[in-house]
Amino acid sequence: MNAPIGPTDSSLVPRFAGPATFARLPRIDQVEKADIAVVGVPFDTGVSYRPGARFGPSAIREASRLLRPYNPGLDVSPFANAQVVDAGDIAVNPFSIGDAVETLDEGASRFVREGTRLVTLGGDHTIALPLLRSLHRVHGPIAMVHFDAHLDTWDTYFGEPYTHGTPFRRAVEEGILDTEAICHVGTRGPLYGKKDLEDDRRFGFGIVTSADVMRKGVDEIADALRQRIGNRPLYVSVDIDVLDPAHAPGTGTPEAGGLTSRELLEILRGLATCNLVGADVVEVAPAYDHAQITATAASHVAYDLVSVLALHHTTGA
């Protein structure tokens with residue numbers, strides 16, 4: 001097998017020049033087979049407050065130009081261990097959420113069937129549902145760690161069942177998630193009522209609030225998550241609003257009192273031994289960003305998720 005094709009050499013082509021693929025990786029049409037693909041979904045029709053996440057994938061890619069080939073936090077060179085590519089965007093209907101969900105399911109399923117693992121750049125959180133559907137057909141019930149300020153287990157908004165606040169209620173109802181191994185991390189802020197929490201517990205979710213992370217520390221939180229997940233196939237979904245607005249102002253529904261980017265990255269690294277099968281980074285809305293703060297954080301989150309998948313590829317997980 002040929003060695004993986006890596007990123008453009010920054011000693012030959014300056015980082016600010018050339019195509020803005022994620023981390024300056026090759027395009028999927030430039031390789032024979034992709035082990036890991038970064039794919040964008042420029043869709044934000046499911047948002048309930050500020051739009052703009054449709055421009056998230058391009059903003060994250062632009063901010064990722066500064067990423068480098070070796071990840072010291074995980075002691076891995078992800079682009080050497082696996083063939084990682086930028087697979088471009090899956091174009092979906094911006095005027096019909098139902099149609100967009102079906103199109104994304106079909107597009108993601110093509111990668112999953114070929115054995116390519118996805119790190120998906122949103123887009124709003126609606127996209128998590130079709131991504132989980134595509135994985136469930138191959139892996140069965142999926143464990144999930146959901147990093148978010150919000151629960152995203154509400155029933156409907158204005159009577160609509162598919163929105164960025166409802167994907168994980170639908171996933172539980174459809175039997176996609178392994179309800180013995182699902183957890184929110186970083187939740188905070190006001191809710192519509194106590195019933196929101198009661199419904200969430202009934203679905204099987206554990207909750208680690210942002211205050212829990214602050215009080216207990218990242219090592220204890222990561223250890224508890226690993227114990228809950230075990231060796232089940234794991235999906236990690238990261239809404240960038242899990243971060244405090246100081247670390248991620250460019251998002252649609254910001255909440256005060258969130259995680260730092262350091263805390264988020266360290267918890268993700270603490271999941272490196274888990275059986276990660278896919279991940280997303282969503283809700284980056286660059287119109288509200290400042291100096292690429294949010295896009296930079298999201299690019300590093302995606303890089304660490306790719307790195308974890310590359311570790312799995314090396315070990316044959």
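Helix 6 spans residues 195–203, and its residues Asp196, Asp199, Asp200 and Phe203 are buried. Buried means under 20% relative accessible area, exposed over 50%, and partly exposed in between, with a 1.4 Å probe and protein chains only. Seen down the axis of helix 6, the buried residues fall within an arc of 100°, so they line one face. That arc is taken from the directions from the helix axis to the C-beta atoms. An α-helix has 3.6 residues a turn, so residues three or four places apart point the same way. On the other side of helix 6, Lys195 and Arg202 are exposed. The buried residues pack against helix 5 (167–173), strand 5 and strand 6; contact means heavy atoms within 4.5 Å. Gly204 follows helix 6 and has a positive phi, near 110°.

This is a predicted model, in which local features need pLDDT of at least 70, side-chain atom pairs count only at pLDDT 80 or more, and totals for chains, interfaces and linings use all residues. Residues are numbered from 1 along each chain as its sequence is written, and side-chain values use heavy atoms, with hydrogens and water left out.

Eight strands form an open sheet with parallel pairing, in the order 2-1-3-8-7-4-5-6. Strand 2 (84–89) and strand 6 (206–209) are the edge strands, each pairing on one side only. Helices (H or I, at least four residues) and strands (E, at least two) are DSSP runs, numbered from the N terminus. Two strands pair if DSSP finds at least two bridges between them.

Strand 5 (residues 177–187) pairs with strand 6 over four bridges, in the parallel sense. There, Val185 stands opposite Val208. Strand 8 (residues 275–282) has eight of its eight residues buried, so it is largely enclosed by the rest of the structure. Strand 3 pairs with strand 8 over three parallel bridges, and Leu121 stands opposite Val281. Strand 7 (residues 233–239) is joined to strand 8 by seven bridges. Ser237 has Asp280 as its bridge partner in strand 8.

Two other helices pack together. Helix 3 (residues 97–113) and helix 4 (residues 128–139) meet at an angle of about 40°, with axes 8 Å apart. Axes are lines fitted to C-alpha atoms, for helices over the stretch in contact, and angles run from 0 to 180 degrees between N-to-C directions. The two helices are therefore oblique to each other: angles under 35 degrees count as roughly parallel, over 145 as roughly antiparallel, 65 to 115 as roughly perpendicular and the rest as oblique. Residues of helix 3 that meet helix 4 include Val101 and Leu104.
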